[in-house]
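Please look over the structure below. The briefing that follows covers salt bridges, helices, an aromatic pair and model confidence.

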Amino acid sequence: MKYEKAQHILPEHVIKTIQQYIDGSYIYIPRKSENRKGWGEQTGAKRDLDERNRNIFKCHMKGDSIRTLSERYYLTEQSIRRIIRAERRKR
């Protein structure tokens with residue numbers, strides 16, 4: 001999200017109408033629902049976490065303990081268990 005100066009993109013009459021409701025403050029204008037992106041889509045964070053979780057599951061299936069995975073990925077043992085359960089459900 002970036003800030004734009006209203007006078008550079010909106011007609012004067014629209015600015016005056018908005019000023020009737022909010023004068024001199026910031027206002028957030030959300031994206032249209034059809035243009036919204038899900039969490040992590042733009043940065044690739046979701047893809048990276050999915051890959052990490054698949055790797056955790058594969059390592060667990062090969063015999064790595066929950067404690068070992070917890071230390072390797074810097075996650076709590078409970079988080080590792082949750083990831084393994086979720087990955088197991090996907091299969």
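R72 is partly exposed, with a relative accessible area of 39% (buried means under 20% relative accessible area, exposed over 50%, partly exposed in between, with a 1.4 Å probe and protein chains only). This is a predicted model, in which local features need pLDDT of at least 70 and side-chain atom pairs count only at pLDDT 80 or more, while totals for chains, interfaces and linings use all residues. Residues are numbered from 1 along each chain as its sequence is written, and side-chain values use heavy atoms, with hydrogens and water left out.

**Salt bridges**

- Side chains of opposite charge can pair when their charged atoms come close.
- The structure holds 7 salt bridges (a side-chain nitrogen of Lys or Arg within 4 Å of a carboxyl oxygen of Asp or Glu).
- R72 has D64 as a salt-bridge partner, with the closest N and O atoms 3.0 Å apart.
- D64 counts as partly exposed, at 24% relative accessibility.
- E12 and K16 meet through their side chains in another salt bridge, at 3.8 Å from N to O.
- Both E12 and K16 belong to helix α2, where they are 4 residues apart, about one turn of the helix (helices are DSSP runs of H or I with at least four residues, and strands are runs of E with at least two, numbered from the N terminus).
- K16 is partly exposed, its relative accessible area being 48%.
- A network of salt bridges links R67, E77 and R81.

**E87 and K90**

- E87 is placed in helix α5, which covers residues 77–90.
- Is E87 buried or exposed? E87 counts as buried because its relative accessibility is 3%.
- K90 is exposed, with a relative accessible area of 57%.
- A salt bridge joins K90 and E87, whose closest N and O atoms are 3.1 Å apart.
- K90 and E87 are 3 residues apart in helix α5, so about one helical turn separates them.
- Leaving aside residues up to four places away in sequence, E87 touches N53, R54 and F57 (contact means heavy atoms within 4.5 Å).

- Helix α3 (residues 45–61) has 17 residues and should span 24 Å at 1.5 Å a residue, which agrees with the 24 Å between its end C-alpha atoms (the expected span is 1.5 Å times one less than the number of residues).
- The buried residues in α3 are N53, I56, F57 and C59.
- Down the axis of α3, its buried residues fall within an arc of 165°, so they line one face of the helix (the arc is that of the directions from the helix axis to the C-beta atoms).
- R47 and M61 are exposed on the other side of α3.
- In α5, the buried residues are S79, I80, I83, I84 and E87.
- These fall within an arc of 135° seen down the axis of α5, so they line one face of that helix.
- The buried residues of α5 pack against α3 and α4.

**Aromatic pair**

- The count comes to 1 aromatic pair (ring centres of Phe, Tyr or Trp, by its six-membered ring, within 6.5 Å; planes under 30 degrees apart are stacked, over 60 edge-to-face, the rest tilted).
- Y3 and Y26 form this tilted pair, 5.4 Å centre to centre with 50° between the planes.
- Y3 lies in the segment before α1 and Y26 in the loop between α2 and α3, so the pair ties together parts that are 23 residues apart in sequence.

**Confidence**

- The chain has a mean pLDDT of 91, and 99% of its residues reach 70 or more (pLDDT is the predictor's confidence in each residue, from 0 to 100).
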